[in-house]
Amino acid sequence: MKIEIKNISKKFGNLVANSEINISINNGIHALLGENGAGKSTLVKIISGQIAPDNGEILIDREKLILGSPIESINSGVGLLNQDPLDFGNLSVLETFLVGIKDANPYRNLKQTKENILRIFQKYKINIDFSQKTKNLSIGERQQVELLRLLYNGAKLIILDEPTSAFSLEQKKMMFETLRSLTKEGIIIIFVSHKLDEIIELCDTATILKSGSVIHSISKPFDSQDIIEKMFENTSSKIKRDKTFTNENNFTILVSGKDFLGRNTEDIEHRFSYGSVIGIAGLQGSSNDSYIKNFFTNEFSKTKLVLDSKVTIPKKTYYYMPSDRIEKGLFRDLNVLEHFGLFKSSETRFLNWNKIKNISSKKIKKFNIRANFSNEVSELSGGNQQRLMLSLMPENQSILLLEQPTRGLDFNSAENIWEMILSRKSKDIAIFFSSTDIDEIWEYSDIVISVSGKSIVNINYKKELTKDKVINYVSGIV
Amino acid sequence: MLFENTIVTVISLSTPLIIAVIGETISEKSGVINLSAEGTIMISALSGFAFGYITDFAIIGFLAGMLTGSIIAAFISYCDIKLRMDQIAVGFVLTILCIDLSNYLGQDYVRINGPMVTKFAIPFISKIPILGNVFFNHSLITYFSILLIPISWFFLNKTNLGLSIRASGENPLAASSRGINVKKMRMFGTIIGGALLGLAGASFSLYTKYGWSESHTANYGWIILAIVIFGGWNPFRAAAGAYGFGLLQVLAIKAQTVTLALSQILPLLPFPIMIFILIFIQYINRSERNKFPKFLISILGGNQPEALGRKLPEDVK
């Protein structure tokens with residue numbers, strides 16, 4: 001088995017997504033690394049046939065792959081496991097498995113087909129009832145079913161596009177075991193991820209992409225510091241974040257003795273002062289986002305923020321910014337100006353569009369939003385959407401609750417967003433944010449709240465913690 | 001005897017309803033709501049009757065009805081797949097257009113006699129006591145409607161093509177990434193569904209509600225749309241709903257001889273019952289799964305195709 005990617009180039013308008021990419025993989029697990037916008041997903045889409053490159057070719061076992069057609073890729077043995085399960089929640093597990101199956105007519109001898117499928121499930125020790133609906137499975141199980149389906153259909157090259165983001169640690173361990181046993185059968189795996197620990201644990205070789213080009217090809221043993229340097233060459237942090245405030249104005253976070261499942265947990269009390277940045281750390285799928293959201297709504301638990309005078313901080317001083325920008329934070333089909341208009345609409349009965357235009361153009365400048373008034377939000381890039389959300393934040397809110405403020409943004413956009421968030425930092429404001437990226441938590445927080453699963457396991461000042469401690473807390477190792 | 005006759009009448013009278021709910025179910029399983037059912041059925045009733053009258057062959061009438069339904073469905077499919085338009089908007093406008101068009105074009109055919117579908121007793125088995133009379137002494141189109149129920153179920157659930165159609169209605173993007181031609185599947189489902197709606201229209205005007213008059217099949221299209229939801233997108237349940245509706249209608253007619261008041265209330269009954277059942281189904285679907293007994297959920301819980309009524313994603317090739 002041998003995969004050769006030769007001189008693949010792809011442009012979208014003026015944007016060079018892939019330029020002269022050459023990768024050759026003989027066996028094992030190969031990592032595709034790079035920051036957002038480095039060209040990883042374009043390359044994955046080219047290999048799986050979803051888009052056609054401008055030029056270049058791909059050889060699988062010295063045979064030329066016909067590019068730009070998903071079916072050709074599937075028939076040549078390419079299998080793509082998506083980030084989110086791309087399956088059919090309403091169909092039974094068996095039916096989900098049968099959609100697009102290689103057998104010409106699985107229903108002619110359904111019993112035989114079922115046995116064949118069962119055999120492959122048993123081989124990889126995965127035990128799932130076929131007759132239940134697919135949506136009753138966990139995300140991890142759905143991904144496993146999908147992986148087995150790819151194998152059943154004869155995939156020789158399996159591409160995993162950041163597949164572990166929704167996995168629990170347990171599921172991840174199982175998945176990694178399965179992947180390793182696959183390589184022993186000669187199947188090649190391309191693993192797209194930006195989680196270095198996973199790559200170091202799992203992969204044999206790696207390619208680092210930057211701005212659409214291959215900048216390094218490396219192989220085991222990996223050195224994480226070295227990889228980071230290579231990935232982020234010439235991009236260094238420029239933010240000054242040594243603004244610290246001492247403030248008399250304190251408040252306390254009270255985590256009640258019962259979590260939201262009604263189980264007894266330890267009471268936690270911790271005093272904060274305004275002027276802090278509080279990072280809520282947790283793995284993907286843990287409840288750190290729910291804490292951010294539910295300080296705001298108070299549905300989740302009896303966790304609350306209390307002033308020294310024993311008064312609960314009124315909700316109207318909160319500002320919550322959801323991570324799902326386009327679904328929950330903004331209006332996909334409204335333009336930029338209309339967003340500012342909506343923001344102002346609570347003040348007056350009739351909208352003075354000239355006034356709104358004035359305010360908006362100031363905000364657009366201040367927040368560096370690269371868009372016109374008439375651009376619909378769905379046309380903006382993720383970074384610009386995030387900056388628009390920040391610009392819509394009222395000036396006088398004292399508790400900011402930012403749910404994954406840099407989710408899905410590349411390094412530079414994320415830095416830019418943080419610059420804006422930190423510019424809001426003042427002695428009267430407390431900023432809470434959630435993140436699954438421990439590096440981000442570590443970089444920007446004064447106080448770290450560690451969430452494992454559904455419970456807060458630790459609250460402490462950053463200066464009393466180490467990064468490893470936080471990692472252990474969120475992984476449930478106490 | 002009374003009981004036996006009632007069942008015979010219900011089966012016979014429900015013929016177009018059965019064909020229509022199965023057609024709409026197939027269309028919706030592929031992800032496309034054919035909201036024009038009311039208009040499609042009406043204009044197919046006219047075209048079916050008119051072509052039957054002109055050629056004096058009922059079979060030509062049925063074929064004309066099917067063709068009419070298919071053409072309307074093909075147009076909906078074009079708007080859905082090529083123009084990516086809103087299915088509801090297109091369907092609604094088509095409904096109004098077809099109703100008015102059928103009333104305009106049908107002026108010459110009001111209350112005249114055309115070909116009639118006759119009963120065809122199946123030799124030997126129609127002689128079986130009771131059963132023979134109930135099930136095997138109908139017109140050919142009624143036999144077809146009865147056969148259509150298991151056939152459509154088998155097609156949707158036990159064939160590769162049926163699975164591909166359902167996959168396209170559940171998650172077009174996932175289906176397309178597995179190499180299924182989603183556009184073709186949706187087009188196929190919509191047109192087959194439309195043809196059956198057209199056939200249903202023709203079976204009104206050539207059989208159960210013989211002849212043509214202005215707004216001849218008024219409201220049946222809306223009712224079948226409701227019955228499809230009631231049926232939870234399952235041909236057997238949808239058919240049960242259609243027969244139930246037919247039964248209430250027959251009871252209403254029979255009640256006329258007993259008391260006038262009851263005969264006026266009974267025709268109205270299906271509608272509140274339908275609304276209550278729809279609310280109940282929705283309630284079951286939205287509530288915690290284990291709150292209701294399992295059999296109740298399996299009988300009444302719906303299985304709405306996830307992508308029903310949604311525009312095709314841009315990434316679907």
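This is a predicted model: local features need pLDDT of at least 70, side-chain atom pairs count only at pLDDT 80 or more; totals for chains, interfaces and linings use all residues.

1. Helix 4 of chain B (residues 58-81) packs against helix 5 of chain B (residues 87-105) at an angle of about 150°, and their axes lie 10 Å apart. Angles over 145 degrees count as roughly antiparallel, so helix 4 of chain B is roughly antiparallel to helix 5 of chain B. The crossing of these two helices of chain B is right-handed.

2. Which residues make that contact? From helix 4 of chain B come Ile72(B), Phe75(B), Ile76(B), Cys79(B) and Asp80(B), and they meet Gln87(B), Val90(B), Leu94(B) and Cys98(B) of helix 5 of chain B. By type, the residues of this contact are seven nonpolar, one polar and one charged.

3. On to the nonpolar cores. The largest has 112 residues, and the members that touch the most others are Ile117(A), Phe121(A), Ile158(A), Leu179(A) and Phe191(A). Do look across to the other chain as well: helix 10 of chain B (residues 182-208) gives this core its largest share, ten residues.

4. Phe191(A) deserves a look of its own. Setting aside neighbours within four places in sequence, Phe191(A) has contacts that include Ile29(A), His30(A), Ala31(A) and Leu32(A). Also among its partners are Leu160(A), Pro163(A), Phe176(A) and Leu179(A), as well as Glu198(A), Ile199(A), Leu202(A) and Cys203(A). Apart from the core of 112 residues lies another core, of 39 residues, with Tyr319(A), Leu388(A), Ile421(A) and Ile438(A) among them.

5. Beyond four places in sequence, Phe204(B) is in contact with Pro16(B), Ile41(B), Lys209(B), Tyr210(B), Thr217(B) and Tyr220(B). Between Phe204(B) and Leu148(B) there are 17 Å, C-alpha to C-alpha, with the two 56 residues apart in sequence.

6. Finally, please turn to Pro313(B), which sits in the segment after helix 15 of chain B (294-300). Pro313(B) has a relative accessible area of 28% and is therefore partly exposed, a class that runs between 20% and 50%. Not counting residues up to four places away in sequence, Pro313(B) touches Arg84(B) and Pro172(B). From Pro313(B) to Asp86(B) the C-alpha distance is 13 Å, although they stand 227 residues apart in sequence.

Terms used. Residues are numbered from 1 along each chain as its sequence is written. Chains are lettered from A and ligands numbered from 1 in the order in which they are written. Side-chain values use heavy atoms; hydrogens and water are left out. Axes are lines fitted to C-alpha atoms, for helices over the stretch in contact, and angles run from 0 to 180 degrees between N-to-C directions. Helices (H or I, at least four residues) and strands (E, at least two) are DSSP runs, numbered from the N terminus. Angles under 35 degrees count as roughly parallel, over 145 as roughly antiparallel, 65 to 115 as roughly perpendicular and the rest as oblique. A crossing is left-handed if the near helix is turned anticlockwise from the far one by less than a right angle, and right-handed if clockwise. Contact means heavy atoms within 4.5 Å. Ala, Val, Leu, Ile, Met, Phe, Trp, Tyr, Cys and Pro count as nonpolar, Asp, Glu, Lys and Arg as charged, and the others, Gly among them, as polar. A nonpolar core is a set of buried Ala, Val, Leu, Ile, Met, Phe, Trp, Tyr and Cys residues joined through side-chain atoms within 4.5 Å. Buried means under 20% relative accessible area, exposed over 50%, partly exposed in between (1.4 Å probe, protein chains only).
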